[in-house]
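Open the model in your viewer and keep the selection tool at hand. The stops below go one selection at a time.

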Amino acid sequence: VRPIAFSGNPLDRASYNRADPAWLTGQRAAGLFLPFWQNRPFLAGKRAGFLPGRAEWDNCLCVFLGLDGAQPLFAIDLPGDHEPVIEGGTFQEMRAAAFVLPARDTAIAGQAKALLDWHRRHGFCPNCGHRTEFADAGNRRTCPGCGAEHFPRTDPVVIMLPVFKNEDGGEECLIGRNKRFPPQLFSAFAGFVEPGESMEEAVRRELSEEVELKVGAIRYHATQPWPFPSSLMLGCYAQALSRDFRIDGHEIEAARWLSKDEVRARLANQIEDEMKLPVAIAIAHHLIKDWAKR
Ligand SMILES: [Zn+2]
């Protein structure tokens, strides 16, 4: 079974060793490097395009990803307004790359994208405004102004599928259409976890705000690293206490209950109309599909 896209990263991150500059120098000399340009990984055919180091990359932002067996892997951020020309491949947008790469390459490239992107956006200390410095092979930044340490962020997002059980035991799920979605897409509901909230409380709040739906038990299903830019998707099922809902009209512009039969038919492309379900790289796809299979 193919893991959920961006999960299943096989690398040993060598968390203790990577803070040792002497160890890192040796790894870098033997390293392979995945170039990025404007958040796009370099693809060589249908694989992540890891390449031997080049002297002209010495001053580029470079982060240690981990060990693939004994092979140290790094990611490197190439500057410039024009796409660098590298023989043997091209730079591809990350979502598009996730459709063609093997699962392990998608996970590694996702890790690299999230990490490089964090460095680009955290050049200054949020505490005192001083320029921050790169540390621990890219897994920390330090501030020489105030001594603060900054670590790469992961932002939790709840994503949930409400399920209603009828008196006859049949089930339906509620899916909605956010105004910001691509045309025709309906999906699970989602939102950032706010400070001071548990995962379950965030699920209840979001469903209350977006569709005024009352829910009982909330069950965790799976999580997904989602590097756009640095989310961790917390996939849940929420037991709906009634079929009654009302869309908020701000974020959600439509919502509908679907039976398992209808979901299966839609996933098999047997229904062609104005509704599309989420693509396979999204955890929402797995939430919907895994429920319909049960
Ligand atoms: Zn500072």
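**Lysine stop**

Select Lys 260 and show its surroundings: apart from residues up to four places away in sequence, Lys 260 touches Glu 171, Trp 291, Ala 292 and Arg 294 (contact means heavy atoms within 4.5 Å). This is a predicted model, in which local features need pLDDT of at least 70, side-chain atom pairs count only at pLDDT 80 or more, and totals for chains, interfaces and linings use all residues. Residues are numbered from 1 along each chain as its sequence is written, and side-chain values use heavy atoms, with hydrogens and water left out.

Lys 260 is buried, at 15% relative accessible area (buried is under 20%, exposed over 50%, partly exposed in between, with a 1.4 Å probe and protein chains only). Its side chain reaches the backbone oxygen of Arg 294 at 2.8 Å.

**Tryptophan and core**

Next, select Trp 291. Beyond its neighbours within four places in sequence, Trp 291 is in contact with residues including Leu 161, Cys 173, Tyr 237 and Lys 260. Trp 291 is also among the residues with the most contacts inside the largest nonpolar core, which has 45 residues (a set of buried Ala, Val, Leu, Ile, Met, Phe, Trp, Tyr and Cys residues joined through side-chain atoms within 4.5 Å).

**Zinc site**

Finally, select the zinc ion. Which residues coordinate the zinc ion? Cys 125, Cys 128, Cys 143 and Cys 146 do, each through SG, at 2.2 to 2.4 Å (donors are N, O and S atoms within 2.8 Å of the metal, or 3.2 Å for Na, K and Ca; water is not among the atoms, so sites may look incomplete). Along the chain, the donors follow the spacing C-x2-C-x14-C-x2-C. Cys 143 is buried at 4% relative accessibility, whereas Cys 146 is partly exposed at 36%.

Terms used: A polar contact is a pair of N or O atoms within 3.5 Å; within protein, one must be able to donate a hydrogen and the other to accept it, and residues adjacent in sequence count only if both atoms are side-chain atoms.
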